[in-house]
Amino acid sequence: MTQDEKLLNRIVFNPSILKGKPVIKGTRLSVEFILNLMAHGTTIREIVEEYDGLTEEDIQACLLFATRSIENTSYMPLAESA
């Protein structure tokens, strides 16, 4: 098993948890929630300290999951640049 596969195994889907959103295994913390924290300046260290049982690898798994989710997506600009 590759390192990426080990990380991605930390992310699970369960229809009875947060309506099936991807979450960190063993938690009710969604990938979306973790990414939003980081987007607003929360550091990995702060997240890990705030949520018992969470590890840096869990956060890395969220980042990898997000990367894999968008890697084969095509994008169109919302508006043309002037």
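The protein chain exposes about 6,200 Å², and carbon and sulfur atoms supply 53% of that area; accessible areas here come from the Shrake-Rupley method with a 1.4 Å probe, and for residues only the protein chains shown count as cover. Please keep in mind that this is a predicted model, in which local features need pLDDT of at least 70, side-chain atom pairs count only at pLDDT 80 or more, and totals for chains, interfaces and linings use all residues. Residues are numbered from 1 along each chain as its sequence is written, and side-chain values use heavy atoms, with hydrogens and water left out.

Now to the overall layout. Four helices and two strands make up the secondary structure of the protein chain, in the order α-β-β-α-α-α along the sequence. Helices (H or I, at least four residues) and strands (E, at least two) are DSSP runs, numbered from the N terminus. Taken along the principal axes, the C-alpha atoms fill a box of roughly 50 × 30 × 30 Å. Of the 82 residues, 21% count as buried, meaning under 20% relative accessible area, with exposed over 50% and partly exposed in between (1.4 Å probe, protein chains only).

Let's step inside. The largest nonpolar core has 13 residues, and Ile 11, Ile 24, Ile 34, Leu 54 and Cys 62 touch the most other members. Such a core is a set of buried Ala, Val, Leu, Ile, Met, Phe, Trp, Tyr and Cys residues joined through side-chain atoms within 4.5 Å. Helix H2 (31-39) and helix H4 (56-70) are the elements that give two or more residues to this core, and H4 provides the largest share, five residues.

Asp 58 lies in helix H4 and counts as buried because its relative accessibility is 7%. Ser 30 sits in the loop between strand E2 (23-24) and H2, and with a relative accessible area of 8% it is buried as well. The side chain of Ser 30 also reaches the backbone nitrogen of Phe 33 at 2.9 Å, a polar contact (a pair of N or O atoms within 3.5 Å; within protein, one must be able to donate a hydrogen and the other to accept it, and residues adjacent in sequence count only if both atoms are side-chain atoms).

The table lists contacts (heavy atoms within 4.5 Å).

| Residue | Contacts, leaving aside neighbours within four places in sequence |
|---|---|
| Ile 34 | Ile 24, Ile 47, Leu 54, Ile 59 and Cys 62 |
| Asp 58 | Arg 10, Ile 24 and Gly 53 |
| Ser 30 | Leu 18, Pro 22 and Val 23 |
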